[in-house]
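Have the viewer open while you read.

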Amino acid sequence: MDFEYNPTKIWSTLLTNRGYFGGALVLNHTLRKTGSRYQLKIMVTREVEADTEFMEAFAAAGIPTIVVDKIEPAPRDGKVNKGTWEKLAPWGMTEYERIVLLDSDQIILQNIDDMMTMDLPSGFIAAAHACTCNPRKVAHYSKDWIPENCGFAAADKETGEPGPITEQSPKNHHLLNSGTVILQPSKAAYDALIDAMNTHPDVPKMMFFDQDLLAIVYRNKWKPLPYTYNALKPMRSCHSDLWKDNDVKILHYILAKPWKSRTYGDDVIESTHKLWWDYYAEVEEQWTKSPDADKRRLWENVVVPVVAQE
Ligand SMILES: [Mn+2]
């Protein structure tokens with residue numbers, strides 16, 4: 001390594017089990033490949049920490065881990081809405097000046113280090129809108145998830161810049177996707193989030209957990225990022241007038257995960273899986289041709305079982 005990573009600013013993603021590990025390796029690979037000066041540290045749950053072989057695989061990958069305690073809302077009527085609430089943990093990591101949360105089903109196509117220095121008002125987060133077009137007509141999504149109400153409908157088709165969020169905006173314009181989030185940790189911000197998680201009346205019916213909570217707590221306090229920082233793969237079709245392949249910095253494989261199948265459709269959306277598999281092949285080569293027998297064993301035991309082999 002000919003440089004030291006900036007110790008005060010990191011990329012982070014959450015893993016709760018082995019299932020997304022192939023994704024996380026490809027994410028890390030693409031961060032390195034696009035020359036980031038910042039390090040990815042993976043948040044792992046206590047369950048992951050107890051999986052010795054899995055933890056060996058992180059070490060073999062050269063990816064530091066941060067163990068996070070369980071985070072879940074207080075029970076309401078005896079029921080707990082279980083979900084990815086540990087994605088809120090970084091707000092409490094005040095040893096860092098800035099953390100950029102990424103999802104392990106994302107890949108980085110262009111250097112994104114500008115996210116580490118991008119201007120962010122105190123008390124704000126930055127994220128891209130949620131796409132509420134619901135092109136697949138997922139039945140349990142809200143009835144007002146139709147293209148006319150989507151936040152990306154207000155984006156500038158030429159520049160890709162998001163439209164302003166105002167009180168006149170349709171209510172979906174206040175929704176964000178938490179696959180990419182820029183945040184500045186602070187005890188007060190963390191406490192406010194945890195308090196909202198434990199007390200806000202909407203929490204029991206939240207389908208997207210941290211994402212839904214962030215949209216409420218940070219309403220009018222989040223800076224919309226261009227779609228290029230969190231390009232949701234279906235948008236290549238439902239926002240084809242906005243999407244430019246060459247502008248995409250972060251591609252987000254929401255819904256069907258590329259690692260679940262080596263075959264995929266040749267349509268506008270699923271054909272994006274080829275990119276993931278191309279980068280995966282590079283990671284595979286590094287591990288399977290490694291002189292380190294332990295690394296080759298870990299590949300077989302930890303990665304191969306969670307990535308489609310045909
Ligand atoms: Mn995701």
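## Ground rules and overall shape

Helices (H or I, at least four residues) and strands (E, at least two) are DSSP runs here, numbered from the N terminus. By that count the protein chain has eight helices and 10 strands. The radius of gyration is 19 Å, close to the 19 Å that the globule rule gives for 310 residues, so the chain is as compact as a globular protein of that length. (That radius is taken over C-alpha atoms, and the rule is 2.2 Å times the number of residues to the power 0.38.) Along the principal axes, the C-alpha trace spans about 60 × 45 × 40 Å.

Keep in mind that this is a predicted model: local features need pLDDT of at least 70 and side-chain atom pairs count only at pLDDT 80 or more, while totals for chains, interfaces and linings use all residues. Residues are numbered from 1 along each chain as its sequence is written.

## Burial and contacts

A residue is called buried if 20 or more other C-beta atoms lie within 10 Å of its own, exposed if 12 or fewer, and partly exposed in between, with C-beta atoms placed from the backbone. On that scale, 41% of the 310 residues are buried. Contacts mean C-beta atoms, again placed from the backbone, within 7 Å. Among contacts with a separation of 6 or more, 71% come from residues 24 or more positions apart.

## The sheet

Strands of a sheet pair through backbone hydrogen bonds, either parallel or antiparallel. For two strands to pair here, DSSP has to find at least two bridges between them. Seven strands make an open sheet with mixed pairing, in the order E3-E2-E1-E4-E7-E6-E8. At the edges sit E3 (65–67) and E8 (222–224), each pairing on one side only. Ignoring direction, neighbouring strands in this sheet are turned by 30° against each other on average.

How buried is E7? Eight of its eight residues are buried, so to speak a mostly covered strand. E7 (residues 176–183) pairs with E4 (residues 98–101) in the antiparallel sense over three bridges, and Ile 99 stands opposite Leu 183 in E7. E6 and E7 are antiparallel too, over four bridges, with Ile 182 in E7 as the bridge partner of Ala 126.

## Helices on top

Helix H5 (residues 210–217) lies across E6 (125–129) and E7, running at about 65° to E7. Axes are lines fitted to C-alpha atoms, for helices over the stretch in contact, and angles run from 0 to 180 degrees between N-to-C directions.

H5 also packs against H4 (residues 187–199), at an angle of about 110° and with the axes 10 Å apart. That makes H4 and H5 roughly perpendicular, the label for 65 to 115 degrees (under 35 is roughly parallel, over 145 roughly antiparallel, the rest oblique).

Most residues other than glycine have a negative phi, and most peptide bonds are trans. Which phi does Lys 137 have? Lys 137 has a positive one, about 55°, although it is not a glycine. Lys 137 lies in the loop between E6 and E7 and counts as exposed, with 9 C-beta neighbours inside 10 Å.

Asn 220 is another non-glycine with a positive phi, near 65°. Asn 220 is found in the loop between H5 and E8, and with 9 C-beta neighbours inside 10 Å it counts as exposed.

How values were computed
Two residues are in contact if their C-beta atoms, placed from the backbone, lie within 7 Å.
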